[in-house]
Every structure is written in C-alpha cells, then in structure tokens.
Amino acid sequence: MLEALVYGAFAALFSGTVLPLLYRSKNARKASFGLSFISSVLLLGFAGTILYTGKGALFPAISFLPGLDFTLGVDRLSAGFVLLIAAVVPGVSIYSLEYTEHAKSEAGKDLQAALTNLFILAMLLVVLAGNMVVFLIFWEIMSLSSLLLVLHDYSSEENKKAGFFYFVMTNLSTAFLFLGFISLFRLTGSAELGQLESVDPGALTLPFLCLFTGFGIKAGLVPFHKWLPYAHPAAPSGVSALMSGVMLKVAVYGFLRFLLAVPSPELWWGILVLTGGSLSALFGVIYALKESDIKRLLAYSSIENIGIIFIGIGLYVIFEAEGLPALALMSLTGACFHAFNHALFKSLLFLCAGSVVHATGTRNIEAFGGLVKSMPVTSALFLIGSVSIAALPPANGFAGELLLYQAFFQASALNDPLLTVLLVIALSGFALAGALAAALFVKLFGITCLALPRSEESRLAEEVPRPMLIRAAVPAAFCILAGIFSKQLLSLAGLDVEYPDLLLLGLLLGSIYAALFLAVRAKEDHEMEKRPARISETWGCGAPTLAPSMEYSSAGFSEPLVMIFKSIYRTRIMHRPKYFDGQESLFKNGNVEIRLLRFFEEYLYIPPARAIDSISKRISRLQNGKLDSYVLYAFLAVITLIIATGVLV
Amino acid sequence: MIDPLYLEGVIKILFVFVLISAALIISTRSLASVLNTYTVQSFLLAAVSFLLYLIDGKSELLLLAGLTLASKVLLIPHFINRIEEKIKIRRDLDFTYLEPTTSLLLSIGLILLSYTFLSRVFGDLALSRLFFFGAVIGLSLTLMGMLVMFSRKKVITKALGYLSMENGVLMLGIFVTELPFILEVLIVIDLIILVLLTSILAVGLDSSIEEYRAKIRKLQIWNGGEAL
C-alpha cells in the first residue's frame, strides 16, 4: 500500500517531466503541474503514515551495476523531509501554473514545467536514497535541474552571472560530498548509508569535515552562502520557493543522515557546527537588513534560518557527546521542525514576493507601498508569512525556535563550565538574530504593504489571479496550523518532548486580544456618546498634502541598525580617474564610487578564482595548435606511463 | 628442415638491422632515403615473420609476412613515392625540439628504458630470450617512431614516422601478444587510408606543416595558435 503511494508519486512526477516536452502545449503544462500536485498529495499520505507508525520501509533493490544496487529506503528522518517536500509542492505547482505562462518563449515554458517536475523528483529521490551512489546521482540531477531553472532567463547578464556562481558553488559542494563519501566508503567498505557503528570515531574526522563543507555549501552556511542571494532572485518565484524551501533542507537532511549514523559524535564537531550556524544566523540577518531587493532579502533571510537549523544540529551533537540524550532529542526535533517550518513560511514569502513583483514589475522594495489596499489578500498572506518568520506566537516559526530556546536554557545541565559559557554566547547570538529578523520583517511588510504607494507601478498594482492566491494560501494555512497544533503534531510523530501546548496559548492569546479589543471598543462607544466625532485631516506639518516621498523609507528604517553594525557593513571607495597623458599628470575626469564591501566575495571567493584562472591560462599555453607539440605530449605521457609501470611492478 | 637455432641467429641479426633502420629514419635528411629505409625496415619485418613461421609453423605468421610484404613493402612505398614525385621537396632539413644527434642519443636511452621496463614486467613470465628481445625491439621501435613524428617537420616524414611506429607495434604483436590476424589486416587498411590522406593533404595543401598550419588557422579550425 505504502509502496503504491510512493511509486505513484514517482510516476506522476516522471510523467510531469516528460509530458510538456512531448506535447508542447499549454494543456500539457497544466497537466504537468497537476501531476506534481497529485504526487504531493500521495507523498503527504505516505510520509504521514510512516511518521505516525514509525515503521521504516525498504524498497526492493534494483541492481544496475555489479556490486551496486539501486536502493531506496525510508525511515522516520527521511519521511519527515518527504513531508516537507509534500507540504511545499502543492502551492508551488498551483502557483507556477499561472506564473510559468509569463516566460518569454514557448519552449521556455515547456522546459520550466518539465524541469520543475524533474527538480522535485530528484529532491524526493535524494531524500529516499538508500546508498551513497543513488544519493549522489540524484543530488547531481537536483543541482543541474535547479541550475537550468536559475538560468531560465539566460539573456540577462545578471542571471548569467548568478547561474555561473551557482554552478561553481554547487559543483564544489558535490566535489566535497564525493570526497566525504569516498572516505566513508574506504572506512566501512560499503556504500550503504548508515553503517558506522564499527568505525573508530577518530577516523571519521575527514568524512565529517568534507560532508560538513559540502552540505554547508549547498545549504548556504556562511561563508559559503554567496550563491544564494544571486541565484534566488534569478530563478522564477516558484522555483525560488522550492530552492529556498526544500533544496536547502535536502542538504540539511544529508548532513543529519550522516550525523545520526555516527554512534558517538565528537564534541568539537558540535562546537564547529554550532559556531557555523550562529555566524550564519547573525550574518544572514544583518546583511538582509541592508538589502532592498525583495527576493535577495528573502535569500539572506534563508541563510539566517539555515543558520538556526544548524544551531539546532550543533546543539544536538554537543548534548549527544555530553551524554544528555533528552536534550539532544529536543534540539534535533527543534532543528527538524524549524526546517519544516522554514520550508512553509519561506515558500509562502517567496510566492507572495513573486506576486508583488508580478504586480509592480520591480523587485526594489523602495518602490512598493500601499499594497494592502490594492492587493489585500496577498498582503494578508504576506503578513502571515512575516509573523511566522519573525517567530511571533502562535505561528509555527515560534514553535520551532521555542524548542531550540528550551534546549539552550538547559545548558546549565552540562558539566563543563566553558561549554556552558559557549552555549550562552551562542544563545545570545541566536536571540539577537531572532530580534533582528523580527525588525527585518516589520520593515519588509511595512514598507511593502502599508502607507502610500511610493511609485506609479505600486499605485497601479492589481491583485494577482486566483490560482496564485490559492497557491500562497496553502502554506499560509499550514503555517498557522503547524504553529497552533505543534504539540499535537509532534506527539503524533512520536516525539515526546517537554513543550507547551500552543493551542492553549493561542486560545489564551486570542481571548486576551478579543477582550482588549472589546474593552477599547466599549470605551470608545462610551466616549462617543459624550462627545460627537470630529472628522478632519491629520496634521501634516503644514504641508498641503502628504507626498509618498515623505514616508519612512526602507533604508531609513534600517539606518539605526546599520549604524550599530557599521563595522560589519564596511564600505569600499573606488576611485577611477582618467588622465590626458600617459604619465598621469593631467587630470581629465573620473568617478568615485562608494559601495558596500562584499567581504566574502572579495576576500574569500575572488582570490582563489583568480589563482585558478592564472594557472589555467598557463596550462592553456600547452594547447598551442602545433601538431608537433601534441605528439610530444603523447610521447612524454607514454614514457611516463612506462616508467611508472616499471616502478610499480 | 633448417636448424631452429640457426634461424634464431638470423632473426637476431635482423633485429640489429631493424634498429639501424629506425635510427636512419630519425636522422636521414633526404626524403627518398627515408622512404627507402622504411621499405627496408618493412621487408626486414616480413622476413622476421617468415623465419618465425619456419620455427613455429603457425600459418598466421606466414600470412602476416605476406601481408606485410604486399602492403608495406610494395603498396605504401609506391604511394609515397608518387607523392614525393609530385611535391618539389627532396629533403627534410628542419627539426623541432630535438636535433638528430640528440634524437639518436635519446633513442639509445629509449632502448635501455624498454629493456629495463620489459625485463621487470616479463620477469616472471619466463619468456624465451628471442621473444624477449623481439618485444624490446618492438617497443623501442614504437617509441622511436613517435620521436620521429614530433621532431621532424615535413608531413611526409611524419607519416613515415607513424608507419615505422606501426611496424614497432607489429613487432611487439608478433613476439608478445599474438594479435589476432584480423586485427593486423585492419591496421594495414588503416595505414593505407592514412597514406592516401597524407597524399591528399601533402599535395593538396602544402608540403610543409608550417604553411599548412597557417592555412588551417585561416579556416579557424584550430585556435590557440596565436599564443605563441
């Protein structure tokens, strides 16, 4: 029965991939997105059952290479991530139905529909992969299909750069994964995932570092995060939602799969992961504050949330290494739950952002404003997303982070005082990131939806078509439900952690708000009876009308925070003088540019890229087009081979 | 019936001549002599193959001898001779990377290298001395042919270097690996096609690879030549 569900989902996704390529029509595209919707319903049933019963399943292996089987398997961890995929996909498929039709060419539309399905299928199979080879194969398919989706509008220079950046980073990630898996294979002699009981923990250092780096790059951990803010704005909104909501989590899944296979992880692993997570959370949100491109802002916020998830994973490893399994379970649950929640609200936000961009034609939030009047439903959904991501109770963002806070607060249970101090420092960073995230989304929602329209496009914006609204409504409903029923959900999944009932809290909060509202209302009515109402304009400092330019701008809102973190936002001043003569003595003209220092890009990415570039230039000199040289190379290769064989034999 | 020991002695003498012919191909400047040397080398190979047939009695060896005689001693030299008549060049004086003297010294090194390499590889196989020497000569002939290909400039000489390299492979095949006969036939067909192509390129385009390169570059087939 269960197998039928998952095979049905595979079949639906596969035909969704093939269909738009075979029959190039609008109906085929519709059918394709319909199929991905169906697959997600099937997967919801499948993953829900597995999580509820807690029984894993192993699908029959198909042997496709001698010694290597094509195995798929599922346990509760992977079921959780299948659930995550299934929760995000329905929205994306309904949304893309409309959004895809805005692509420039017919072929582009077909490709987008096909690749989206392929992308979902690949992510699903990575999560279900039973051994390293299957994992890597589908990992690579996942990377490539998402790369093609990022490059969907390849005519723009910016997108090409984004695609290239993503391509390099994703390949780097795969390279590290290969290294990690090969070293694991050498240790265990088996390509199965999850057979590390017999391995000496000291020998796992190299696989751990490789896998941490590889998955960290893909998940967007600082300092490997730079591809995110480039790739997300370039991709179509539905795909951004998938990439940010699901693909980053697939990397988290891979990392967890490795960590859970290790019987006794070492303490320093946890400290490393925790540090990486804290840095990502802080830097992600600090950079997001300064950003005024809505999709890029959301991308930076994804970095922050991935940081939070890795904080949870780091806590899990630390508590596990210190022998506190209950706390470890709580942190792990927090990390997984936050991953699930982030998938929901980030896809919601990306889809709302897509609607806003679609309606206004720009991604610059300084040009938005007043959308609550022209796009009321989108704004309401946007608000739900913002509340969730800002972790306000009782939305799901709060529920996930609460688990992590609880785990943090019990740091005193640790025996090592230094470790406690470290956790307290990480906790303060985590709390700061949370506060900044709240400020960030107050800014984003306020600037986008409230006040007067700041531009003509924003004034003329219209509500998006219904499919796009329904799409965004799905994760919004999930966000609220997953928050309010978090305790029930977790206990359904068989995770009994100490955790307050948010349903009760939600009811309490709701009744308090209602009581407050009614009290104020009653008082108002009472006052009105005494004095008649006076209707007049608000005093506008003497100006005849209030212009949009007088409003609080996005940059203005974040200015105080920018001042506080001035040392992080370093600026770079570029002089570009031009001279009349070669000796540079007669000044002609020039320009000076002050811009934000792209610290990681300029100090971490560009230097190795330059080095590789110059080495390849030197090597490419070997390719000089001379026949003689090529024969000489072949000759030298043969000689080397002969000598090497002679030495080895 | 001739005494096999006597035949082996003859084969060993032929080996020496094969090596001398290889050295001549590396260093001779006149195109006509290079071609003659190649013909002689091929003939020597045919003779070795025939003598081995007399010792072993395997019919493949006899066929091989016949095939070599027909293609490499008669047909291919005949084609190349016609090319040489058509192009006006009689001598190949230019060398790249290596001067003839250095090449010769290097080829001594190559023979020594082949010897040590093969003695390590075949150390446990207990090959008879004759077969071992055949393999050494074959390997060195292959390497020397390759050396000709990159150190000499004219297309014809390069082609002859390639042919001599193939002779080395044939030699190695006879003495060590026992190539299936059908493979040998295919190689010969390849060689004939190679010679035909060379004739088209050498006559049709140019006789010197330098100008040939300039023409190719104009056609934008190879790039990267500008780097030098």
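In the predicted model, Tyr97(B) is placed in the loop of chain B that runs between helix H3 (59–86) and helix H4 (100–121). The phi angle of Tyr97(B) is near 65°, a positive value in a residue other than glycine, and the residue counts as partly exposed because 15 C-beta neighbours lie inside 10 Å.

A positive phi is also found in chain A, where Glu584(A), likewise a residue other than glycine, has a phi near 60°. Glu584(A) belongs to the loop between strand S5 (571–579) and strand S6 (587–596) of chain A, and with 10 C-beta neighbours inside 10 Å it counts as exposed, the cut-off for that class being 12 or fewer.

A further backbone feature of chain A is the cis peptide bond from Val222(A) to Pro223(A), for which omega is near 5°; Pro223(A) itself lies in the loop that links helix H7 (205–219) with helix H8 (227–234).

Helix H5 of chain A comprises the 19 residues 132–150, which at 1.5 Å a residue should span 27 Å, and the end C-alpha atoms are 26 Å apart, so the two values agree.

How values were computed. Residues numbered from 1 in each chain as written. Chains lettered and ligands numbered in written order. Predicted model: local features only at pLDDT ≥ 70, side-chain atom pairs only at ≥ 80, totals over all residues. Helix = DSSP H or I, 4+ residues; strand = E, 2+ residues; numbered from the N terminus. Expected span 1.5 Å × (residues − 1). Buried ≥ 20, exposed ≤ 12 C-beta atoms within 10 Å, placed from the backbone.
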